[in-house]
Amino acid sequence: MPEGHTIHRAARQQQRLLGGDVVAALSPQGRFSASAARIDGARVRRVDAWGKHLFTSFDGGEILHVHLGLFGRFATHEQLPPPVPTESVRLRLVGTRAALDLSGPTICRLTGPAGRDAVVARLGPDPLRRDPGGGERFATRVLASRAPIGALLMNQTVVAGIGNVYRAEALFLEGLHPERPGRTLSVEATAALWHRLVVLLRDGVRRGAIVTIDPALVGRPLGAVRRGEATVTRRGRPATWVYGHDLCRRCGAPVRTWELAGRRCYACEACQPSDT
């Protein structure tokens, strides 16, 4: 599932390509035809993201709410006219500079300002938003909970936009075991974890990829690398410390994997002892 940096990056790209344009809207798949007709010929005012949710506001008050889920994706076409859409395209928006195709989203619906506000109200603070109180709200929710910090990071009502890769890597970099109860963290550790999330996600937006390790710091491979999502850079070098690896890229100890909050969790229990 795309993590928060992907959605914020998409929002910035779509604002650049479609912002201010009167767009043509259609649903090649047919499942969104009635709603597409409501925004056909409307002007895009703003494209914004909160966590893994994307909101496109149009003149007239309509807001397109998208959550990509596991299978959704955006495709942009900067050469016009765009190619003939496939039958899997739920929504196509065509402006004067580019066209956007949306396929396979978990959520694709029209709402209004009140509907958007209701979605945001259910979400935790987003590390990618300029919110001076976000860190305090994150700390309040973590320090009040008996749940493992590894589960809390995946809870979108605690912090918005964090997925499995950022969970594994942020906890590794802070030396925190995923099973440690949130309420046992110190105020300082919680603040440091929030700051780490902010730095990692901002870097992800800049790169367009999750890279938490400087490949220059890693020598010869210490173990088998699963060439899965976000585990290697384009040059084939490790991009993460523990996520997707059998051995820790820092110390070479085995990486433990198990299910936590419905997803596979990764930790080096040498670098992240359970009592820290």
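Biologist: In this structure, helices (DSSP runs of H or I, at least four residues) and strands (DSSP runs of E, at least two) are numbered from the N terminus. How many helices and strands does the chain have?

Modeller: The chain has 7 helices and 10 strands. Its radius of gyration is 20 Å, close to the 19 Å that the globule rule gives for 276 residues, so the chain is as compact as a globular protein of that length. That radius is taken over C-alpha atoms, and the globule rule is 2.2 Å times the number of residues to the power 0.38.

Biologist: What should I know about the model itself?

Modeller: This is a predicted model, in which local features need pLDDT of at least 70 and side-chain atom pairs count only at pLDDT 80 or more, while totals for chains, interfaces and linings use all residues. Residues are numbered from 1 along each chain as its sequence is written, and side-chain values use heavy atoms, with hydrogens and water left out.

Biologist: What does the C-alpha trace span along its principal axes?

Modeller: The trace spans about 60 × 40 × 25 Å. Of the 276 residues, 53% are buried; buried means under 20% relative accessible area, exposed means over 50%, and partly exposed lies in between, using a 1.4 Å probe and protein chains only.

Biologist: Which residues of H7 are buried?

Modeller: They are Thr 190, Leu 193, Trp 194, Leu 197, Val 198, Leu 200, Leu 201, Asp 203, Gly 204 and Val 205. The cover over the buried residues of H7 includes helices H1 (4-18), H4 (134-143), H5 (149-152) and H6 (164-173). In general, an α-helix has 3.6 residues a turn, so residues three or four places apart point the same way.

Biologist: How far apart are the end C-alpha atoms of H7?

Modeller: They are 30 Å apart, which agrees with the 30 Å that the 21 residues of H7 (residues 187-207) should span at 1.5 Å a residue. The expected span is 1.5 Å times one less than the number of residues. After H7 comes Gly 208, with a positive phi near 80°.

Biologist: Let us change topic. Where is Asp 101?

Modeller: Asp 101 is in strand S7 (residues 99-103). A relative accessible area of 6% makes Asp 101 buried.

Biologist: What does the side chain of Asp 101 make a polar contact with?

Modeller: Its partner is the side chain of His 77, at 2.9 Å. A polar contact is a pair of N or O atoms within 3.5 Å; within protein, one must be able to donate a hydrogen and the other to accept it, and residues adjacent in sequence count only if both atoms are side-chain atoms. Leaving aside residues up to four places away in sequence, Asp 101 touches Arg 73, Phe 74, Ala 75, His 77, Val 89, Leu 91 and Arg 92, where contact means heavy atoms within 4.5 Å.

Biologist: How many salt bridges are there in the whole structure?

Modeller: The search finds 14. A salt bridge is a side-chain nitrogen of Lys or Arg within 4 Å of a carboxyl oxygen of Asp or Glu. One of them joins Arg 196 and Glu 174, whose closest N and O atoms are 2.7 Å apart. This pair links distant parts of the chain, with Arg 196 in helix H7 and Glu 174 in the loop between H6 and H7, 22 residues apart. Arg 196 is partly exposed at 27%, and Glu 174 is partly exposed at 24%.

Biologist: What does Arg 256 meet in a salt bridge?

Modeller: The side chain of Arg 256 meets that of Glu 179, at 3.3 Å from N to O. Arg 256 lies in strand S9 (residues 255-260) and Glu 179 in the loop between H6 and H7, so the pair ties together parts that are 77 residues apart in sequence. Elsewhere, salt bridges that share partners join Arg 46, Asp 48, Arg 116 and Arg 129 into one network.

Biologist: Last topic, the backbone. Which residues does a cis peptide bond join?

Modeller: It joins Leu 80 and Pro 81, with omega about 0°. Pro 81 lies in the loop between strand S5 (73-77) and strand S6 (89-94). Most residues other than glycine have a negative phi, and most peptide bonds are trans.

Biologist: What is the phi of Ala 261?

Modeller: It is positive, about 60°, although Ala 261 is not a glycine. Ala 261 lies in the loop between S9 and strand S10 (263-268), and Ala 261 is partly exposed, with a relative accessible area of 46%.
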